[in-house]
Amino acid sequence: MLDDPRTTRVTGDETAGVYRRVEDSDAEDRPQDYSGRPVPEAYVWCNLTSGNSSRALWLLLLPFMIVNLAHWMRPAADRRERTVRTYGLFVRLVALSLTVLLIAGACEVALDLIAWQCAGSDECAGGSSWLGFMAPGHGWWSQPGRRLALAALLPAALTGLLWYLSNRTWSAYESQPPPERPVDESAPEAGNRPALCLPGFWYGRRIVARLRSAHTAAGFLTIAAAVTAATAAHDRESGGSGVLDAAGWALLTLLVLGAIAVVFVVCHRGRSETTVDGKLDRITVTALPGAALGVLVLSVLHAGWSRPGWVPGGKLPGNQTFCVIAIGQGVLIVAMAVCALILYRAAPRSRTPLCGLAGPAVAMLACGLGAVLSGGVAQRIADWLDGGATPGEGGTVAPPVLLSWLATAIPAILLVLLGLAVIFGARVWRVRRRLLPTIMDGYPGERPDGVRTRRIAGTIARAGLTDSASWLVGPVSLFILLLGGVAVIGAWLTKKVPGRAAEGAPGVVDAATQTAQALGSWLMGLAFLALVTWARRAYRSPAARRTIGILWDVGTFWPRAAHPFAPPCYAERAVPDLTWRMETWTRKHGGRTVISGHSQGSVLAAAAVWQLDPRTRGQVALLTYGSPLERLYGRWFPAYFGPAQLLALHGEVRCWRNLWRYTDPIGGPIGLPDGTGPEVDCGALKDPLAYGRTPEHPLPAPILGHSEYQADPVFARERAGLLARLPEQKCSPPRHTGQSSSGRSSG
């Protein structure tokens, strides 16, 4: 991006830093050498999203990242503060349910399938030598309670790992405070300024710490509940120990109190954005997970107490937990949808997807993905332990009935996806046919080439699919909700897997159900294995890791406001970096700055400009290219990048230009209304730059799409125009800095 292999880092560290060409490292000391030309520097943030190989494992946290996005997708209606807070509360509760679902899935594998069902069966344990020490009649660990106590170590270790990763990534990525400045409440419309202007927006230390403690406690309490439910049920039977029964009731009471405390902590306080809130609720952060861990230890000790003659059968008590979780998630998402509709109707906007229901739809996708991952592990472990039998079809080891019902729904969802793919393909074909006669209008005098024309038209048609993303998210989320409801009802009423429940039905129905159950079971397990395989490949391959980094560019831009175990927010490091750099350089040297950003970098650039003090902002121009500011963020995150917010940015920054192409599937025009000051959008750039062979392009020019904007002569011209519009302050060279979509470089 700097067009020179000799570069040096002028500030920053290995994670993210500002680089210049070696010859420009002391440009401020030689202003006479830079008369009329800028000093380029690059902000490199690649290691925040795709650097260390261990970050490929963040793929396993995908449901947490998706539900965190739902928090930021609410419609824009800031005057309804109570509804906004209620919406955020429901999102946090959905996020909490995903943590419980993950740990419950780990408990299902470790406690139910392995320790309870397989280790309790001579047939299954005899075929697994590593379980022999827990088999009935084979020693101290053969008692069911002790097997459960030992198996509880696995989900407990998973909970501890999630806590460790959340705490470590906060320290590494999100602990940089932004420049502190008070909010001027006397300023005109100070209370209506965009949220990204607020000093504390990019510093969520307090809320993340509170949520981390609550989710960690929820994980420990989920394990304790799984262990205690089985032992307490046995102790209540006739002939059980009265002392152990009383201890079991005491543990159940502690579990209820702990659950109430967790929900209270999650509901009590949301984000604080008006100030940089560096406080920590130390009692909550320390005592809540510590107390939950103590309850888990007590439940393990209670389970490990000798109970001679206890011969368990069937599945682990508490298997209906998955139905309860699914029902709770469905109710919460419907409640989110009600809040979103209220907000949308208060301030409807035509560009908002799904009539404001994007947040609930995305939350539904997160729940569906969480169910697939948790269920996929259970299905495949059960299949492995049972020697390949279809789960629930007469084997010695079987997962909860609900998981089989959910697996049966997967083929139906795939059919929906296939139908949508056909519709999108037909749309691309129609748009391409409509564009074919117009392509040559942009290249007058050129000799037509049918292949070249079809390729350009096809690229433009495919790029337009981005605007139809809501037609994918909406129907899929709706079908997941409906089919999930059918699965819960079927599992609750029949207590049988779908194949058994369909016995006696017409032959076509029976055959279709059997096929869907078997196919869905494999697909559910395959989805998990595919995700693990992709993560493993990315762990070893830098190229694959960069691909994941591009996905993470969007998913982890937003702070962890709903789920503390989501991958870390790189913008909480990048935005303060850029803000500090522009403010300190401008204050010291008094020069002019053009901050340019490509793709996701343009979103970072806009966020950084919003955080500048008014004096610095008056010396900064903004150049965006291939920018998703309106096309993606303005539509899907309307409360933060909607028309009013982008219009406010236009009014606050000294000058702003945006470059875009019809062939770009990500970037697009900003589309501010007429009469709002100097125009932001440049006309659509020509792509390819030349239709055929020309003296300037003797070889066929490529269709650039989302890349290589700086190769277009318009880029240098617009940058020079922005510098010319900025007022000169001192005899210091103007500066040009920015960043790219992938975070690998800047320009």
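Buried means under 20% relative accessible area, so Glu 583, at 4% relative accessibility, counts as buried. Keep that cut-off in mind as you look around this predicted model.

## Salt bridges

Glu 583 forms a salt bridge with Arg 587, and the closest N and O atoms are 3.6 Å apart. Both residues lie in helix H17, four residues apart, which is about one turn of the helix. Arg 587 is partly exposed, with a relative accessible area of 48%.

In general, side chains of opposite charge can pair when their charged atoms come close. A search of the whole structure finds 18 salt bridges. Three of them are set out here.

| Salt bridge | N to O distance |
|---|---|
| Arg 573 and Asp 13 | 3.1 Å |
| Glu 28 and Arg 20 | 2.6 Å |
| Arg 587 and Glu 583 | 3.6 Å |

Arg 573 counts as buried at 6% relative accessibility, whereas Asp 13 counts as partly exposed at 28%. In the pair of Glu 28 and Arg 20, Glu 28 is buried with a relative accessible area of 18%, and Arg 20 is buried with a relative accessible area of 2%.

## The hairpin

A hairpin of four residues connects S1 to S2. Thr 7 has Arg 21 as its bridge partner in S2.

The structure holds 23 aromatic pairs. One of them is the edge-to-face pair of Trp 202 and Phe 557, at 5.3 Å centre to centre with 70 degrees between the planes. This pair links distant parts of the chain, 355 residues apart: Trp 202 is in the loop between helix H5 (153-174) and helix H6 (205-235), and Phe 557 is in the loop between helix H16 (542-555) and helix H17 (571-589). Trp 202 is buried, with a relative accessible area of 0%, and Phe 557 also counts as buried at 0% relative accessibility.

Trp 660 and Tyr 662 form another edge-to-face pair, at 4.9 Å centre to centre and 80 degrees between the planes. Here Trp 660 counts as buried at 11% relative accessibility, but Tyr 662 counts as exposed at 54%.

Ring pairs also build a cluster, which includes Trp 202, Phe 557, Trp 558 and Phe 641. Which residues have the most contacts inside the largest nonpolar core? They are Phe 557, Trp 558 and Phe 641, in a core of 158 residues. Helix H2 (residues 81-118) gives the largest share of this core, 20 residues. Leaving aside neighbours within four places in sequence, Trp 558 is in contact with residues including Trp 72, Phe 201, Tyr 633 and Phe 641.

## Charges over rings and an enclosed helix

Arg 380 lies over the face of Trp 522, at 4.2 Å from the ring centre. Likewise, the charged end of Arg 661 sits over the ring of Tyr 709, 4.0 Å from its centre.

Why is helix H4 (residues 144-151) described as largely enclosed by the rest of the structure? Because seven of its eight residues are buried. Among them are Pro 144, Arg 146, Arg 147 and Leu 148.

Notes:
Residues numbered from 1 in each chain as written. Heavy atoms only, no water. Pairing = 2+ DSSP bridges. Helix = DSSP H or I, 4+ residues; strand = E, 2+ residues; numbered from the N terminus. Buried < 20%, exposed > 50% of the residue type's maximum accessible area, 1.4 Å probe, protein only. Phe/Tyr/Trp six-rings, centres within 6.5 Å; stacked < 30°, edge-to-face > 60°. Lys NZ or Arg CZ within 6 Å of the ring centre and 35° of its normal. Core = buried A, V, L, I, M, F, W, Y, C linked by side-chain atoms within 4.5 Å. Contact = heavy atoms within 4.5 Å. Salt bridge = Lys/Arg side-chain N within 4 Å of Asp/Glu carboxyl O.
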